[in-house]
Amino acid sequence: SESTPDEEPTEEEVVDLKAIAKRLKIKNFKQAKYEYGTTAISMVWSTNDYADGYFVYRADVKNGSYKKVGTVTDNYFRQGGLKAGSKYYYKVSAYKIIDGEKVSGPFSQAIRMITKPEAPQNVKVENAGKSAIRIRWKKAGTTNGYTIYMATSRNGSYTELKTVDSLRTSYTKTGLKKGKKYYLKMRSYRLDESNEKVYSGYSKI
């Protein structure tokens, strides 16, 4: 139950609730970067030994309306069914069960979390002259950019060639050796809360 009593709390009860709420603070709330998903987001926070569980809330914008999306007893939550390459905002609050009621503590800081973008689609590699090669692709939904890689054999070691912004749909590499084969592949990326790149899977070679 999470109902609110009809009667006004006494001064002693207010003090007790404030003391309880103080002990229910959330610390180190963040996205679980080791578990990025294309349609799912995982998050973790420090265990609160006083709490009996946690409420998880989500909104589409930081100062928007937050909807409860989960209740858990562990310091971990994963939500699926999300859109690839999208951002969402999450908050967590801990609760303590007192006289059968779930008394909730303060919200954590709102954290922006993202899903991995889709890999670039319809990727094609073609000659662009005697010493040049061009790679073309279809935009991969919501993304911040693309990173292109090159190798001299299909299953060889690929090195990073170029990073371009999300508006580009082609890239031409010049200065190559005539008659030699080159292989290109690429992946899209989305910037996370720390401005680090979160990559999609690779395109087909």
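A: A polar contact is a pair of N or O atoms within 3.5 Å; within protein, one must be able to donate a hydrogen and the other to accept it, and residues adjacent in sequence count only if both atoms are side-chain atoms. This is a predicted model, where local features need pLDDT of at least 70 and side-chain atom pairs count only at pLDDT 80 or more, while totals for chains, interfaces and linings use all residues. Residues are numbered from 1 along each chain as its sequence is written, and side-chain values use heavy atoms, with hydrogens and water left out.

Q: OK. Which side chain does the side chain of Gln-79 make a polar contact with?
A: That of Arg-58, at 3.3 Å. Gln-79 is found in strand E5; strands (E, at least two residues) and helices (H or I, at least four) are DSSP runs, numbered from the N terminus.

Q: Is Gln-79 buried or exposed?
A: Buried, at a relative accessible area of 12%. The classes are buried under 20%, exposed over 50% and partly exposed in between, using a 1.4 Å probe and protein chains only.

Q: What else does Gln-79 touch?
A: Leaving out residues up to four places away in sequence, Gln-79 touches Thr-39, Ala-40, Ile-41, Arg-58, Val-69 and Tyr-90. Contact here means heavy atoms within 4.5 Å.

Q: Switching to charges. How many salt bridges are there?
A: Six. The criterion is a side-chain nitrogen of Lys or Arg within 4 Å of a carboxyl oxygen of Asp or Glu.

Q: What does Glu-35 pair with?
A: Arg-78, with 3.2 Å from N to O. Glu-35 sits in the loop between strand E1 (30–31) and strand E2 (41–44) and Arg-78 in strand E5 (residues 76–79), so the pair ties together parts that are 43 residues apart in sequence. Glu-35 is partly exposed at 26% relative accessibility, and Arg-78 is partly exposed at 39%.

Q: And Glu-126, which residue is in a salt bridge with that at 3.3 Å?
A: Arg-134. Glu-126 also meets Arg-136 in a salt bridge, at 2.7 Å from N to O. Relative accessible area is 28% for Glu-126, 22% for Arg-134 and 38% for Arg-136.

Q: What is the strand order in the open sheet of three strands?
A: E9-E10-E13, with antiparallel pairing. Two strands pair if DSSP finds at least two bridges between them.

Q: Which strands stand at the edges?
A: E9 and strand E13 (170–173); each has a single partner strand, so one side of each is left without a neighbour in the sheet.

Q: How many bridges join E10 to E13?
A: Four, and the two strands run antiparallel. Within that pairing, Ile-135 has Tyr-171 in E13 as its bridge partner.

Q: Last topic, packing. How many residues has the largest nonpolar core?
A: It has 21. A nonpolar core is a set of buried Ala, Val, Leu, Ile, Met, Phe, Trp, Tyr and Cys residues joined through side-chain atoms within 4.5 Å. Those with the most contacts inside this core are Phe-29, Met-43, Trp-45, Tyr-54 and Tyr-90.

Q: Which strands each supply at least two residues of this core?
A: E2, strand E3 (53–59), strand E6 (87–98) and strand E8 (111–114). The largest share, four residues, comes from E6. Apart from this core lies another, of 13 residues, among them Ile-133, Ile-135, Ala-140 and Tyr-171.
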